[in-house]
Amino acid sequence: MRYSKFVIFLIILALPLTTIGQDIELFQQYNGRYDYTAIGNTLNIAENGTIAPCEILTASSATLALTPNQNIVAAYLYWAGSGTGDFDIEVNGIPLTADRTFSDALDTTRVFFAAFADITSIVQDQGSTTYTISELDLSGIIDPYCPTGTNFGGWAITVIYEDDILPLNQLNVYDGLQSVPTNLSVTLDNLNVLDNEGAKIGFVAWEGDAGIAVNEQLTINGNLIGNPPLNPFNNAFNGTNSFTGASNLYNMDIDVYDIQNNIDIGDTSATIQLTSGQDYVMINNIITVLNSQLPDASIMLNDFIINCGDRHIEIEYTVFNTNSTDPLPSNTLIAFYADSVLIGQASTQNDIQINDFEIGMASLTIPDTVGDSFTLSLVVDDDGTGNGFVTEIIETNNDYETPIDLLVIPPLEILPSTLSCNEGFNSAQFNLIEVLNANGITTTNNVSFYISLSDLELNTNEIIIPEDYNNISNPQTIYARVDNPPCYDVYAFDVLVENCPPHIPDGFSPNGDNANDWFNIQGLYNIFERHELKIFNRYGTLIFEGNNDKPWFGLINRGLNNHGKIVPVGTYYYVINFNDPNYESLVGWVYVNY
């Protein structure tokens, strides 16, 4: 087949697309009061063909004219040509390098390129003015292409703008690079045509000859579309720009078509078919504009609270209605899952306006059948069975997932009891920090003490001064929490208070001088109130028995016939039975002198 002309076209539509090769895929989506326009120019000095001059420009210009109420949202520059590519160019003297590149080939000697750059900031800064693309130099490349009429070069800028007087539209931008030998059919799925009024499709194409029309057609859903007389139905690629009405764009078309009569309300797909009976065509970009008033719900987890040992989670989340064209209705259902197990449900409280959001709270209980580590999923527009009821712009962005690890209470480690004495009292002073240190527990991390395990788990009612703590019961269990991120260690120990051992003097002198007149055992009387005291002489004869009410003043009340008399000077032996399970009897001696 002889290829007398070459075509690359940029189609502007707004819906999902799947193809083969360098697939044309969704690049950006805009939902709101958006529309677009396109400018561009060719680098060819005449229509290409076998008798055309084999020359090409390195720069060309076109003028962008927007109204004051058309606010630029995005500007995308595509350029293409023969050869492997020139990817460093200038826009109004500003150096620019391609963000992305594409390639295709007719055969091993005829290869072609396309390139993309986001020039939004440049166009927003310069606005309505003349744009010159320069330093796009293919002059050393085209010679082998000219004999077959496949020499070309050119560029196009698509400008997406927002205008308050526009209806709510969905505008999709797709790009890639796919070849059209004779016929290319593209099916656009996931359509939800609510209103076909104002629907349109446009394209940019590089074409060899305006005077040759061999089955050059564009159809949608089997319906031939055109815009005569500028774009005849049988000559889609004829060097025109339907935005400006220009008809002298050599080897280039920038055209837009009204397709509202070619799609129907309720359609879920559309088929676009491109034919070129004598040309090799590469599709580089597609954009559509359809009226679409739909919400677009998404959800995000803001924060969560987990207490140690608790299988309850308090969460805060946000439901968004971003990049939408209609409010998200109130009572939109929300489902919460732990490893795909439904653990809670909620709903939005109010209508969420376009590009607005609503914050919600939920208390969730994790069932025992779910592990301590799991994936928490938040899904908006979900009735708890995976089904939604709100028709949205995008149905695949309704969920949010995050890993969760419950804080498991570590096993309680029991430490040895700590004993203190206090004469006659059931309370004593304890240094709780020293208790841990004495058991080899490092207290350099944060340490806290509690009088109950529940207080420890809830981290409430902490003992304020653990270095100087007086027990409130005897014995009393103290619980210690030693931080060990991400959890902590738990210890328990008892503090006990006993009577202090009595201090027994070596002797006394019962001489009536009111000084050391009796066997004054300090810490015995009125403390060990059930004690028994026995005194023996050196022969082992029991000479005295006393108790808490009967201390020994040196008098005899047992054994000998000298009852009531004072003992002579000498050494005597005592036995003290404390009648206290914590103390054994004491045996010793005491010296009596006068």
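Two strands count as paired if DSSP finds at least two bridges between them. The model discussed here is predicted.

**A five-stranded sheet**

Strands β34-β38-β37-β35-β36, in that order, form an open sheet with mixed pairing. The edge positions belong to β34 (507-508) and β36 (542-547). Each has a single partner strand, so one side of each is left without a neighbour in the sheet. The partner relation of β35 (residues 532-536) with β36 is antiparallel and runs over five bridges. Within this pairing, Ile535 faces Phe544 of β36.

Strand β2 (residues 22-32) pairs with β12 in the antiparallel sense, over eight bridges. Here Gln28 stands opposite Val173 in β12. Strand β12 (residues 169-180) has 11 of its 12 residues buried, so the rest of the structure largely encloses it.

The two pairings are listed below.

| Pair | Sense | Bridges |
|---|---|---|
| β35 and β36 | antiparallel | five bridges |
| β2 and β12 | antiparallel | eight bridges |

**A loop residue**

Is Thr332 buried or exposed? Thr332 sits in the loop between β21 (312-320) and β22 (333-338). Its relative accessibility is 2%, so Thr332 counts as buried. Beyond four places in sequence, Thr332 touches Ala346, Ser347, Thr348, Val380, Asp381 and Val390.

**Confidence**

Mean pLDDT for the chain is 88, and 94% of residues reach 70 or more. Over residues 1-20, pLDDT stays under 50. The model has 134 contacts beyond four places in sequence for residues 1-20.

Methods. Residues are numbered from 1 along each chain as its sequence is written. This is a predicted model: local features need pLDDT of at least 70, side-chain atom pairs count only at pLDDT 80 or more; totals for chains, interfaces and linings use all residues. Side-chain values use heavy atoms; hydrogens and water are left out. Helices (H or I, at least four residues) and strands (E, at least two) are DSSP runs, numbered from the N terminus. Buried means under 20% relative accessible area, exposed over 50%, partly exposed in between (1.4 Å probe, protein chains only). Contact means heavy atoms within 4.5 Å. pLDDT is the predictor's confidence in each residue, from 0 to 100.
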